[in-house]
Amino acid sequence: MKNLGTRARVRWGTMGTAARLWWSGAASVAVAGVLVLAATSLTDAASQPAHDSSSATAATAPAATGSGTGSGSMAGMAGMAGMAGGATQGGTSADPASTTAAICPNVKNTTTMGNGMVMAPVPSGAPTAAEQAAANQLVSETTAAVAKYANLSAATAAGYVPATNPSGYEVHYANWQTVRSGDVLDPDHPSSLVYANTVKGPVLLGAMYLGAGPCQPGPDVGGPLTQWHAHDNLCLSTDHQVVGKTTSSGTCATGVHNTSTYFMLHVWVAPSLAATHQFQPDLTRSELAPIIRTGQS
């Protein structure tokens, strides 16, 4: 290596001024090209799922009697991963909103976002001290309770099964026994656990609580912080899988329109999400990209 360096310096010294300028310019162009390629790769990684998955899918609870809907169906667990839109903490969104929904007419004063997300009413204004404390308690208790499910195998052993596309970048695993029981906001028995498929395998992101039954938002214990939401534009197959979204006329090209949905509330326990996206209804691919690329939550 030392001889190579000496020969290079001698060769450089014998070059004319024009040759030196040409080689210096070529080296600069090469370095710039490498930097552009690196930036492009990072941008692409932020916009792609960890695995080959088109649109995320969501499942509904299997049929059960006594659900209070009259049909015995527990349709509607829609944890729609990675939906488009600018959802932020507390359930608000940058999407255009309206006060009408194609689902759950019994829930008054809902707000329907442009991406099909139906937000249950919550108190306006900033949370009170008591509401903030209650929200903090829900997060801390949930974080402690679901720590035992850091490994996906522990969750499946406890009865959690895929409720959305298991190959998606974000996957919901539901415990249908808990869903049928109507147990609401019990950190020891969350209705669903949410994992990201990462380069190092599944990583626990948080828990998702469901209301006591279809079209029944849970208690907004944290006031405006803990806003429950549903989705009004999902089409379900006969095996309770989401197979698409409704058309502009509210119909489904495939499957049946899900009009008896559960309302849900996410509690994110992954440190990076808990710090910046707590209670956010859905996460985009770009928001999950750092976790997917590194396997670190």
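Buried, in this talk, means under 20% relative accessible area, with exposed over 50% and partly exposed in between, using a 1.4 Å probe and protein chains only. Helices (H or I, at least four residues) and strands (E, at least two) are DSSP runs, numbered from the N terminus.

This is a predicted model, where local features need pLDDT of at least 70 and side-chain atom pairs count only at pLDDT 80 or more, while totals for chains, interfaces and linings use all residues. Residues are numbered from 1 along each chain as its sequence is written, and side-chain values use heavy atoms, without hydrogens and water.

I start with helix H7, residues 285-294. Its buried residues are Leu 288, Ala 289, Ile 291 and Ile 292. Just after H7 comes Gly 295, with a positive phi of about 75°.

Next, the aromatic pairs. Rings of Phe, Tyr and Trp (its six-membered ring) pair if their centres lie within 6.5 Å; planes under 30 degrees apart are stacked, over 60 edge-to-face, and the rest tilted. That rule gives two aromatic pairs. One is Tyr 149 with Tyr 160, edge-to-face, at 5.5 Å centre to centre and 65° between the planes. Tyr 149 sits in the loop between helix H3 (129-146) and helix H4 (152-157), and Tyr 160 in the loop between H4 and strand S4 (161-162). Both Tyr 149 and Tyr 160 are buried.

Tyr 173 and Tyr 195 also pair edge-to-face, at 5.5 Å and 85°. Tyr 173 is in strand S5 (residues 170-174) and Tyr 195 in strand S6 (residues 192-198), so this pair ties together parts 22 residues apart in sequence. Tyr 173 and Tyr 195 are buried as well.
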